[in-house]
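Hi,

Here's the structure I said I'd pass on. Have a look at it first, and then read my notes below.

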Amino acid sequence: MDKEKVLAAVQRYIKNKFEGEGSGHDWWHIYRVLKSSEQIAEHEDVDLFTVQLGALLHDIADWKFVNGDEEVGPRKATELMESLEVDALYISKVCDIIREISFKGAGVKTPMSTKEGEVVQDADRLDAIGAIGIARTFAYGGNRNREIYNPDLAPEEHNSFEAYKKNEGHTINHFYEKLLLLKDRMNTSYGKKLAQERHEYMEGFLSRFYSEWEGKL
Ligand code: ADP
Ligand code: NI
C-alpha cells in the first residue's frame with residue numbers, strides 16, 4: 001500500500017462526489033477539515049495517515065442526506081478503501097471515525113474511541129464555528145428553505161439524536177442548539193484554543209445581528 005497514492009485517490013473520489021454541493025457540505029468543507037486536522041495533528045501524538053483518511057472520508061454519506069442509515073458511510077468508505085488495498089486496521093479506525101464524529105444534540109455525548117478521531121472531530125467542529133461556521137449555517141438554512149431568524153421561536157435543548165434530527169427551527173436557533181456549545185466539547189488543547197477565538201467571533205456577530213434586527217447601530 002502506497003499511502004500517498006491512496007490519499008490522492010481518495011481525495012479525487014471525494015472531490016468529484018462533493019463538488020458544487022450547496023448546503024455547506026461541499027468539497028471545500030472536506031478540504032478545510034483535512035487542513036485543520038493536519039494542523040491539530042502536529043500538536044498530538046497520532047497516526048497522520050489515519051487522521052488524513054478520516055478527514056477525507058468523514059462525511060462520505062452524511063445522515064442528513066441518506067435518510068438516517070448510519071451504516072451507509074462506513075460501508076461506502078470500506079468499499080473505497082478495500083479497492084485501494086488499504087490495510088484492515090486503518091479501515092476499521094476510519095469507519096469508527098465516520099460513525100462517531102457527528103454532533104447529535106445538546107444533551108447527547110459523542111466521545112471518540114481514538115486520538116485520531118478526536119483530532120478529526122475537532123477539525124470538523126472548527127469548521128462549524130467562526131466566520132466559516134456562520135456562512136455554512138446560513139447556507140444550510142437556505143438550502144432547507146428556513147427563516148434566518150424568528151424571535152417568536154426559542155431554541156430547544158435536544159436530549160436525543162432523534163429529536164435533534166427532527167428539528168426544523170430557524171437558523172439563528174442553530175447557534176444555540178449546536179454552534180455555541182462546541183467550544184466546551186473540543187478534545188485537543190490546540191483545538192480548544194482555536195475554538196475559543198471562533199466562539200468569540202460568533203458572539204460578536206450575534207450581538208450585532210440582534211441590534212440590526214431592531215434597527216439599531
Ligand atoms: P457534524 O459536522 O457534527 O456532523 P452536521 O453535518 O450536522 O454536523 O452539520 C454541519 C453543519 O451544517 C453545521 O455546523 C451547520 O453549519 C449546518 N447545519 C446542520 N444542521 C443545521 C440546522 N438545523 N440549521 C442550520 N445549519 C445546520
Ligand atoms: Ni463534516
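By a nonpolar core I mean a set of buried Ala, Val, Leu, Ile, Met, Phe, Trp, Tyr and Cys residues joined through side-chain atoms within 4.5 Å. Keep in mind that this is a predicted model.

With that definition, the largest nonpolar core comes to 54 residues. Val-10, Ile-14, Leu-53, Leu-57, Met-81 and Phe-175 have the most contacts inside it. Take Leu-57: leaving aside residues up to four places away in sequence, it touches Val-10, Ile-14, Ala-77, Leu-80, Met-81, Val-94 and Ile-98.

Ala-77, Leu-80 and Met-81 are among the buried residues of helix H4, along with Val-72, Gly-73, Pro-74 and Thr-78. Their cover includes helices H1 (3-18), H3 (48-57) and H5 (88-100). I also checked the length of H4 (residues 72-83): twelve residues at 1.5 Å each should span 16 Å, and the end C-alpha atoms sit 17 Å apart, which agrees. Just after H4, Glu-85 has a positive phi of about 60°.

Now the metal. The nickel ion (ligand 2) is coordinated by NE2 of His-29 and of His-58, plus OD atoms of Asp-59 and Asp-124, at 2.1 to 2.3 Å. Along the sequence, those donor residues follow the spacing H-x28-H-D-x64-D. Why call the arrangement irregular? Because the four donor atoms subtend angles of 86 to 175° around the nickel ion, while a tetrahedral label needs all angles between 85 and 135 degrees.

Cheers

Notes:
Residues numbered from 1 in each chain as written. Chains lettered and ligands numbered in written order. Predicted model: local features only at pLDDT ≥ 70, side-chain atom pairs only at ≥ 80, totals over all residues. Heavy atoms only, no water. Donors = N, O, S within 2.8 Å, 3.2 Å for Na, K, Ca; no water. Tetrahedral: all angles 85-135°; square planar, octahedral: opposite > 155°, others 65-115°. Buried < 20%, exposed > 50% of the residue type's maximum accessible area, 1.4 Å probe, protein only. Contact = heavy atoms within 4.5 Å. Helix = DSSP H or I, 4+ residues; strand = E, 2+ residues; numbered from the N terminus. Expected span 1.5 Å × (residues − 1).
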